[in-house]
Amino acid sequence: PVIIAGDVCYSYKNNRRHIPTGNSIDPQVNLSTIREMHKLAATPYYILPGHGPLVMKWFPKIYDGIVQIASVPE
């Protein structure tokens with residue numbers, strides 16, 4: 001499964017290091033949600049952050065600004 005995290009997880013840094021986002025009203029709830037996403041996603045790479053430029057770098061480009069979420073980055 002792939003999760004579009006949006007603003008729950010701004011970047012892969014928030015995702016991988018379990019760092020709450022800066023605008024979170026309740027950092028503990030934010031961290032709890034990130035942990036839950038880790039349980040649900042096929043891989044942490046499939047937790048797509050809302051502002052993560054690495055998504056566009058790691059996954060295969062289909063068109064300008066569009067990538068295919070079909071393989072795990074190495």
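Tutor: A definition comes first. A surface patch here takes residues with over 30% relative accessible area and no salt bridge, and nonpolar side chains are joined within 5 Å. Keep in mind that this is a predicted model.

Now the patch itself. I62, Y63 and I66 make up a nonpolar patch on the surface. Together they have about 320 Å² of accessible area. Y63 lies in strand β3, which covers residues 61-63. Y63 counts as exposed because its relative accessibility is 58%, and exposed means over 50%.

Next, the interior. In soluble globular proteins, nonpolar side chains tend to be buried together. The largest nonpolar core here has seven residues: I3, A5, C9, I34, M37, A41 and I47. Strand β1 (3-6) and helix α2 (27-40) each supply at least two residues of this core. Take M37. Leaving out residues up to four places away in sequence, M37 touches I3, A5, V8, C9 and I47. There is also a second, separate core of six residues, with Y46, L48, V55 and V67 among them.

One loop residue deserves a look too. T21 sits in the loop between α1 (12-17) and α2. T21 is buried, because its relative accessible area is 6% and the cut-off for buried is under 20%. Setting aside neighbours within four places in sequence, T21 is in contact with D7, V8, C9, Y10, N14 and N30. D7 is 14 residues from T21 along the chain, and their C-alpha atoms are 7.8 Å apart. C9, one of the contacts of T21, is also a member of the largest core.

Conventions: Residues are numbered from 1 along each chain as its sequence is written. This is a predicted model: local features need pLDDT of at least 70, side-chain atom pairs count only at pLDDT 80 or more; totals for chains, interfaces and linings use all residues. Side-chain values use heavy atoms; hydrogens and water are left out. Patches are made of residues with over 30% relative accessible area and no salt bridge: like charges are joined within 9 Å, nonpolar side chains (Val, Leu, Ile, Met, Phe, Trp, Tyr) within 5 Å. Accessible areas come from the Shrake-Rupley method with a 1.4 Å probe; for residues, only the protein chains shown count as cover. A salt bridge is a side-chain nitrogen of Lys or Arg within 4 Å of a carboxyl oxygen of Asp or Glu. Helices (H or I, at least four residues) and strands (E, at least two) are DSSP runs, numbered from the N terminus. Buried means under 20% relative accessible area, exposed over 50%, partly exposed in between (1.4 Å probe, protein chains only). A nonpolar core is a set of buried Ala, Val, Leu, Ile, Met, Phe, Trp, Tyr and Cys residues joined through side-chain atoms within 4.5 Å. Contact means heavy atoms within 4.5 Å.
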